[in-house]
Amino acid sequence: MPLIVLDRDGVINQDSAGYIRGLQDWVPIPGSIEAMAALSRAGYSLAIATNQSGLGRGYLGLDELEAIHTELRRQVEALGGQVAGIFYCPHLPDDNCDCRKPATGLLQAIATELGMSPRGAWFIGDSLKDLQAARAFGCRPLLVRSGKGRATEHQLHSPRPGLENPADIPVYADLAAAARAILGGEPAVKRDR
Ligand SMILES: [Mg+2]
Ligand SMILES: [Zn+2]
C-alpha cells in the first residue's frame with residue numbers, strides 16, 4: 001500500500017505557540033480528520049512524524065501524548081480510516097538527536113517499524129523542517145498553508161529558501177485540499193495559486 005507521511009501540529013490539528021500539552025489543547029483543523037480517513041479508505045497507509053519537544057521540556061508527559069493520539073486515531077477510525085503509526089521525537093533542539101526533524105530518524109523508524117519505506121512517499125508538512133526532512137530522506141514534500149505554512153511558503157520565495165528547488169514543492173491550502181489533489185490524481189507539482 002502506498003504510504004503518506006504527515007506532520008501533526010499545523011497539519012492535522014491547530015498549532016499552538018504554547019505547545020499542545022494535552023487533549024484540551026488538541027483541536028483538529030476543519031476537514032483534516034475527514035481527509036485522513038478518505039486517504040486511508042482509498043488505500044493509503046498513514047504515518048505521522050511529529051516533533052514533540054514539549055515532552056523534553058516537561059510540558060506534557062507520555063500519558064497526555066498517548067491520550068491525544070488515542071483520540072486522533074479514534075476520530076479517524078470513526079470515519080472508516082486508520083493510522084498506521086505515530087512516530088514522535090521527544091527531544092529538545094539542543095539534544096542533537098537524530099530524530100528531530102529536519103533529521104530523518106522518524107522516517108527511518110517508519111521504514112523499520114512499518115516495513116514501508118517513506119522514500120518516494122508524499123510528506124505533508126507546514127514547516128521548513130518537514131520539507132527538509134522529506135527531501136533528505138527522498139520523500140516528496142508537500143506544503144500546506146495551515147499552521148506555520150504561510151510563513152514557510154513566504155520563506156520558500158525568499159532569497160534563502162532553506163532548500164533547493166523550492167518551486168518544485170506543491171502548496172495547498174490545508175490537508176483537506178492536499179488530500180483531494182492526491183486522490184484526484186493531480187500531479188500536485190503545480191501550485192494552486
Ligand atoms: Mg507542524
Ligand atoms: Zn529526537
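## Arg8 and its partner

Arg8 is buried, with a relative accessible area of 0%. Buried means under 20% relative accessible area, exposed over 50%, and partly exposed in between (1.4 Å probe, protein chains only). Arg8 forms a salt bridge with Asp9, with 2.7 Å between the closest N and O atoms. A salt bridge here is a side-chain nitrogen of Lys or Arg within 4 Å of a carboxyl oxygen of Asp or Glu. Asp9 also counts as buried, at 12% relative accessibility.

This is a predicted model: local features need pLDDT of at least 70, side-chain atom pairs count only at pLDDT 80 or more, and totals for chains, interfaces and linings use all residues. Residues are numbered from 1 along each chain as its sequence is written, chains are lettered from A and ligands numbered from 1 in written order, and side-chain values use heavy atoms, without hydrogens and water.

## The magnesium site

Three residues supply the protein donors of the magnesium ion (ligand 1): Asp7 (OD), Asp9 (O) and Asp126 (OD). Donors are N, O and S atoms within 2.8 Å of the metal (3.2 Å for Na, K and Ca); water is not among the atoms, so sites may look incomplete. The spacing in sequence is D-x1-D-x116-D.

## A salt-bridge network

The whole structure holds six salt bridges. Asp7, Lys101 and Asp130 are linked in a network of them. Asp7 meets Lys101 at 2.8 Å, N to O. Asp130 pairs with Lys101, also with 2.8 Å between the closest N and O atoms. Asp7 is buried at 5%, and Lys101 is buried at 3%. Asp130 is buried too.
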